[in-house]
Amino acid sequence: MSLAHRLAAKIAQIDGTTLPVGTLDITLYRDDLGMRGTPVIRGTDIPFSIKDKTVILVDDVLFTGRTIRAALDAIIDLGRPTAIQLACLIDRGHRELPIRPDYVGKNLPTSHRETVAVRLREHDGEDRVVIEEPEEA
Amino acid sequence: MGWTRKDLLTMRELEAGEIVLLVDTAASLQEIATREIKKVPALRGKTVVNLFYEASTRTRTSFEIAGKWLSADVVNFSASGSSTSKGESFIDTAKNIGAMSPDVVVVRHSSAGAAELLARALPCSIVNAGDGAHEHPTQALLDLLTIREKKGHFEGLHVAIVGDIAHSRVARSNIHGMRKLGMTVTVAGPPTLIPPFVQELGAKVSYRLEDAIGDVDVIMMLRLQQERMTAGLIPSLREYAHYWGLTLDKLARHARPDVLIMHPGPVNRGIELAPEVADGPYSVILDQVSRGVAVRMGVLLLLAGRKGGDGG
Amino acid sequence: MSLLLRGGRVIDPANSVDTVQDVLLADGKIERLGRNLAAPADAEVVDAKGKIVCPGFIDMHVHLREPGYEYKETVATGTRAAAAGGFTAVCCMANTNPVNDNGAVTDYILAKARVEGAVRVYPIGAVTRGLRGEELAELAELAESGCVAFSDDGRCVMNAGLYRRAMEYTLPFGAPLISHAEDTTLSRGASMNEGVVSTETGIPGQPAAAEDVMVARDILLAELTGAHVHIAHVSTVGAVRLVRDAKARGVRVTAEVTPHHLVLTEDAVRTWDSNTKMAPPLRTKRDVEALIEALADGTVDCIATDHAPHALSEKEGEFDRAAFGVVGLETAVAVLLDRLVRPGLLSLATLIARWSRDPARLLNLPAGTLAAGAPADVTILDPDAETTVDPSRFHSRSRNTPFGGWTLRGGPWMTVVGGKVVRPRASP
């Protein structure tokens with residue numbers, strides 16, 4: 001996920017330390033199998049041991065917290081890190097589980113109905129956060 | 001393309017996009033086998049029943065591991081021998097199991113059409129693990145996954161399937177799957193073991209091993225069963241092995257150096273495959289087995305994960 | 001008590017009749033035909049306007065299953081099904097339990113028929129003891145007891161030497177041998193026709209040759225002995241060709257075909273419905289076309305359902321384990337009216353002949369005609385009534401039909417046996 005790569009690059013710039021970056025697919029840990037249609041698995045790629053390390057989970061938007069809960073289960077199945085911290089670009093509130101971020105880019109109050117999408121230069125051609133109102137039915 | 005079917009019964013009814021989805025899903029699940037804790041919670045709380053009427057430890061174990069790695073509760077139901085003469089009929093057994101509300105039933109039976117019957121009788125998902133000589137879709141899928149991994153693509157590949165085609169569900173499922181993905185298939189064997197009108201399924205026919213294996217990308221050897229001899233289909237295993245068995249020598253003289261040797265197992269060493277070939281550098285037989293677990297995980301996941309799924 | 005059938009279109013091929021007229025039945029016989037007949041005082045008058053009045057239909061290949069398999073069918077339920085289907089007479093096969101291979105079983109069947117039969121029952125005796133194909137049954141006793149033909153149907157008499165002797169022995173009786181032509185060494189293990197569908201489904205199939213080989217053999221034995229051999233349920237273009245050539249040579253061979261072989265092909269098996277499983281199996285379009293042509297030109301002499309009732313538990317389940325056979329009495333007439341006569345593949349008169357004049361002739365039965373003095377067996381058809389086949393409403397004890405749910409136009413309307421109405425007119 002590009003945000004994690006950008007963070008790692010920034011840290012290398014500031015600090016000189018190169019941190020390993022991996023991708024975590026949490027499809028197999030979701031709690032809503034059968035409710036959202038065909039599960040699409042993009043694959044987990046963490047080519048290093050996380051044992052005894054501090055792992056920073058990076059997500060673009062923190063919302064209900066369910067994705068992060070699944071990610072925590074997934075990480076713990078892969079090994080035993082010393083600590084797991086959460087960095088999110090946008091925290092839009094409406095938590096349904098007791099999950100709190102350690103690092104936040106911006107707090108963005110939203111209504112539950114709205115959607116928040118983070119667009120990144122590498123994938124979408126621009127760096128932008130878009131809040132969308134759902135269309136009236 | 002998403003997955004919407006309640007069951008996986010045949011390769012024949014699948015569209016190319018569905019086959020690719022199954023293969024892709026399986027490919028991305030392979031890494032679970034490399035983890036220290038081989039478990040993901042995706043099918044937690046789901047019940048998978050293995051209903052095997054034909055003895056088959058390998059395939060059943062493969063499905064069992066697949067289910068367990070996905071955290072499903074897997075139950076094995078072995079009904080041996082003929083159902084109607086020894087008590088409960090197939091339909092009765094099916095209804096009884098259905099009454100226990102499984103989410104998926106994986107069925108292997110010696111009668112063609114058995115999986116379809118189950119799919120009509122039960123509201124849960126049915127996976128055909130082999131119905132008589134009809135189809136064995138998960139075998140074809142793992143064969144396709146293995147081929148794509150080794151060759152990088154499907155389109156344009158030429159596969160030779162050699163052996164008792166007439167009685168082979170593996171051959172039928174593979175012919176359907178491969179044709180849909182743009183591959184060419186040649187079936188080869190003695191004429192008594194090639195079913196009539198097999199060309200209508202899209203396969204070419206050859207009666208000589210040497211002709212069939214020249215210039216193909218994959219040679220898939222099928223197991224020859226003893227019963228074929230007593231049924232008067234071939235005179236002896238010895239003659240079969242001599243004319244249609246694959247040896248290193250025949251490979252060297254006729255096949256391409258980059259050919260893959262495949263076999264659904266178990267191998268009759270010395271009959272259809274010489275031991276040196278089965279264990280040799282061209283063979284991907286063990287790769288097939290490990291792909292089998294991944295494919296079966298993919299199938300269970302897609303069936304349980306379809307919208308409004310699990311019989312609800 | 002007399003019955004006057006007024007104003008129907010009377011088609012009687014035996015007498016080359018096709019006219020709108022009245023038919024008066026009295027004392028169990030056809031008394032008179034004519035226009036504007038006066039109704040006797042005690043007569044029940046039936047308005048047959050718009051209906052087709054035919055000689056009573058004969059189904060010469062029916063399994064009544066009694067004695068021994070009463071859970072599938074009995075003489076009572078089977079003949080009720082026949083009456084409902086428009087038949088006034090059936091010939092019942094010998095593969096009961098005990099087998100009808102001696103006079104005592106024949107007597108039993110006839111006694112049941114006398115008391116409980118809704119239509120006339122003509123038993124067919126076995127050719128070999130116990131249908132085992134090893135020794136001749138007491139064929140003279142069977143003939144004397146009332147058997148109108150001999151057949152091991154269900155099985156083929158594989159031993160040519162034995163079958164030859166059976167043909168010779170029965171020459172004086174005037175009763176044909178009915179052959180279930182199937183070389184079991186070619187059909188072993190098969191549940192359907194060998195062809196594209198069997199290759200695709202993986203269901204073991206038997207080639208058309210399994211039938212043709214035996215039809216050829218039976219024709220040659222008939223030629224040798226001078227016997228009359230009747231080929232049961234012909235299903236292949238090859239068999240048709242053999243029968244046609246043999247007839248041209250003067251061999252005493254006749255043949256029958258079932259409604260399902262005239263209307264269905266092996267493609268029906270793709271549904272995995274075991275109500276498409278029977279012996280001989282459903283074949284290809286080419287075979288169906290040859291059979292229709294043969295029925296039209298008389299190479300195939302008559303239509304016979306091979307009504308084969310089976311319990312639900314014997315038909316549901318795995319295709320290759322299911323019993324062979326389908327019922328046919330209650331659907332035959334409607335299916336062929338709708339699928340052969342309506343599209344012009346077979347004329348109405350020919351259909352009627354193949355169910356009346358022709359089976360009566362080849363079995364020497366006092367039937368198949370509406371001439372004055374003949375038994376009052378009448379089949380009345382409604383050419384326009386639309387019905388949907390509902391197996392749950394069958395009179396037969398069994399429901400194994402491939403025609404469930406079919407919507408058919410035309411069918412039986414009223415059936416009369418010996419002057420008595422056994423199938424009341426259908427409600428409007």
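This is a predicted model: local features need pLDDT of at least 70, side-chain atom pairs count only at pLDDT 80 or more; totals for chains, interfaces and linings use all residues.

Biologist: What's the phi of A:Asp52 like?

Modeller: Positive, about 60°, even though A:Asp52 isn't a glycine. Most residues other than glycine have a negative phi.

Biologist: Which loop holds C:Leu131?

Modeller: The one between strand E8 (120-125) and helix H3 (139-145) of chain C. C:Leu131 isn't a glycine either, and its phi is positive at about 60°.

Biologist: Buried or exposed, that C:Leu131?

Modeller: Buried: 22 other C-beta atoms lie within 10 Å of C:Leu131, and the cut-off for buried is 20 or more.

Biologist: OK, peptide bonds now. What joins B:Gly265 and B:Pro266?

Modeller: A cis peptide bond, with omega about -10°. B:Pro266 belongs to the loop between strand E9 (260-262) and helix H11 (275-278) of chain B. Chain C has a cis bond too, from C:Asn97 to C:Pro98, with omega near 5°. C:Pro98 is in the loop between strand E7 (87-92) and helix H2 (103-116) of chain C.

Biologist: Switching to domains: how is chain C divided?

Modeller: Into domain 1 (2-53 + 374-423) and domain 2 (56-362). Taken over C-alpha atoms, the centres of these two domains of chain C are 25 Å apart.

Biologist: How many residues are in contact between domain 1 of chain C and domain 2 of chain C?

Modeller: 30 residues from domain 1 of chain C and 45 residues from domain 2 of chain C. E17(C) gives the most to the domain 1 side, with 7 residues. By class, that side of domain 1 of chain C has 14 nonpolar, 10 polar and 6 charged residues.

Biologist: What's the domain assignment of chain B?

Modeller: Domain 1 (16-136 + 292-304) and domain 2 (137-288). The contact takes 21 residues from domain 1 of chain B and 20 residues from domain 2 of chain B. On the domain 1 side, H1(B) gives the most, with 6 residues.

Biologist: Last one: how many residues do chain C and chain B each bring to their contact?

Modeller: 16 residues from chain C and 21 residues from chain B. Helix H6 (residues 196-201) of chain C gives the most to the chain C side, with 4 residues. That side of chain C has 4 nonpolar, 6 polar and 6 charged residues.

How values were computed:
Residues are numbered from 1 along each chain as its sequence is written. Chains are lettered from A and ligands numbered from 1 in the order in which they are written. Two residues are in contact if their C-beta atoms, placed from the backbone, lie within 7 Å. Helices (H or I, at least four residues) and strands (E, at least two) are DSSP runs, numbered from the N terminus. Ala, Val, Leu, Ile, Met, Phe, Trp, Tyr, Cys and Pro count as nonpolar, Asp, Glu, Lys and Arg as charged, and the others, Gly among them, as polar. Domain bounds come from an automatic or database domain assignment. A residue is buried if 20 or more other C-beta atoms lie within 10 Å of its own, exposed if 12 or fewer, and partly exposed in between; C-beta atoms are placed from the backbone.
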